Amino acid sequence: RTQAENLCRLPGVLSIFPRVLVFGFVHTAHTICVRCVSHAPAFTLARHVFAMAAPSALAPAPAADTLRSDMSEFWKEHSAHATIEEMMLDSEASAIHVAEGPEVVSLLPNFEKTQVLEVGAGIGRFTSVLADKAQRVVAVDFMESFIKKNEEVNGKMGNIEFYQRDATKMSWSDEEFDVVFTNWLMMYFGDEEVSAFAENTLRWCKTDGHLFFRESCRHQSGNANRKFNPTKYREPEQYTDVFSSARVTLPGGDVAKFELVTHGAVQAYITYKNNPNQMYWLWKRVVVPADQA
């Protein structure tokens, strides 16, 4: 009893493990009441409290097909009306976009008269801006309602191609695009899918072309209610590590890789949400000899 009570007095235990302590039991060789633990050493109780409170830390990563299914179900819930509030998962989306949209575009390289691939294009809040200057924009989204809305609004521009595709399974020609643009995409990927996307974008980008992406890191920012949330709120360093280490060997033996151009936080979210965890990266594709890769 004394050992368990001491454990429960540790700073943060009550706030971290309320579910376990309220239910009042854990499982060892036999069921033990938290208030009567004379048969269990404190470390055994702690081990089982941790196991019950944080199963995701102990469970294997979900299979790719399961993860894609979870993401599909998540976005079906949040795409019924194809609004900006649904797409940004925030009731204040329209107001935020007024400041955030131009800021994100200002971070891009010059894309005038270029070939642009926009992955995760959604209802098109960036698609039309890209198409205003680019020669060609290929807009792709996972959700049919979003990409149909995008085409309905922006199809008249004439230089945009619209596709409903899973970004983890699509393919494009090598060196087809000057710019690959994504906004809130890889937070809906598993870790292996992020690594694969890094290599794929290296193939799709032209030499001296650019990749831009922006992700929610560390925790969610939108205030939309979620029945469940399979989103991966990674540490920013994870994205930096994956993309800085990505390599593709080209015919002839040279190697394509990304060089980081700039990286930072989206200021509009700091202003509106006091959230410094909306992070962006701009990368440049370069080709080097294999011995310098």
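## Starting at strand β8

T249 counts as exposed because its relative accessibility is 62%, where exposed means over 50% relative accessible area, buried under 20%, and partly exposed in between (1.4 Å probe, protein chains only). This residue is found in strand β8. Not counting residues up to four places away in sequence, T249 touches D254 and V255; such a contact means heavy atoms within 4.5 Å. T249 also lies 9.5 Å from R203, C-alpha to C-alpha, although 46 residues separate them in sequence.

A word on the model before going on. It is predicted, so to speak of local features requires pLDDT of at least 70 and side-chain atom pairs count only at pLDDT 80 or more, while totals for chains, interfaces and linings use all residues. Residues are numbered from 1 along each chain as its sequence is written, and side-chain values use heavy atoms, with hydrogens and water left out.

## The chain as a whole

The chain holds 13 helices and 10 strands. These elements are DSSP runs numbered from the N terminus: helices are H or I runs of at least four residues, and strands are E runs of at least two.

Of the 293 residues of the chain, 48% count as buried. Among contacts with a separation of 6 or more, 66% come from residues 24 or more positions apart.

## The sheet

Eight strands make up an open sheet with mixed pairing, in the order β5-β4-β3-β6-β7-β10-β9-β8. Two strands pair if DSSP finds at least two bridges between them. At the edges sit β5 (160-164) and β8 (247-249), each of which pairs on one side only. From one strand to the next, the twist averages 15 degrees; axes are lines fitted to C-alpha atoms, for helices over the stretch in contact, and angles run from 0 to 180 degrees between N-to-C directions.

Follow strand β6 (residues 177-183) for a moment. β6 is mostly covered, with 6 of its 7 residues buried.

## Helices against the sheet

Helix α10 (residues 144-154) packs on the sheet, where it touches β4 (136-141) and β5, and its direction makes about 165 degrees with that of β5. Helix α11 (residues 191-204) lies across β3 (115-119), β6, β7, β8, β9 (255-265) and β10 (278-288), and runs at about 145 degrees to β7.

Together, β6, α11 and β7 make a right-handed β-α-β unit. Right-handed here means that, with the strands pointing away from the viewer, the path from the first strand over the helix to the second runs clockwise.

## The nonpolar core

The largest nonpolar core has 70 residues, and L117, M170, F197 and F243 have the most contacts inside it. A nonpolar core is a set of buried Ala, Val, Leu, Ile, Met, Phe, Trp, Tyr and Cys residues joined through side-chain atoms within 4.5 Å. In soluble globular proteins, nonpolar side chains tend to be buried together.

Leaving aside neighbours within four places in sequence, F197 is in contact with V119, A167, M170, T182, L185, M186, F189, W204 and F243.

N159 is found in the loop between α10 and β5. N159 counts as buried because its relative accessibility is 18%. Its side chain reaches the backbone oxygen of A131 at 3.0 Å; a polar contact is a pair of N or O atoms within 3.5 Å, and within protein one must be able to donate a hydrogen and the other to accept it, with residues adjacent in sequence counting only if both atoms are side-chain atoms. Beyond neighbours within four places in sequence, N159 is in contact with A131, A134, Q135, R136 and V137.

R218 sits in the loop between β7 and α12 (236-245). Its phi is near 70 degrees, a positive value in a residue other than glycine, and at 38% relative accessibility R218 counts as partly exposed. N274 belongs to the loop between α13 (267-273) and β10. N274 has a positive phi of about 50 degrees although it is not a glycine, and it counts as exposed because its relative accessibility is 64%.
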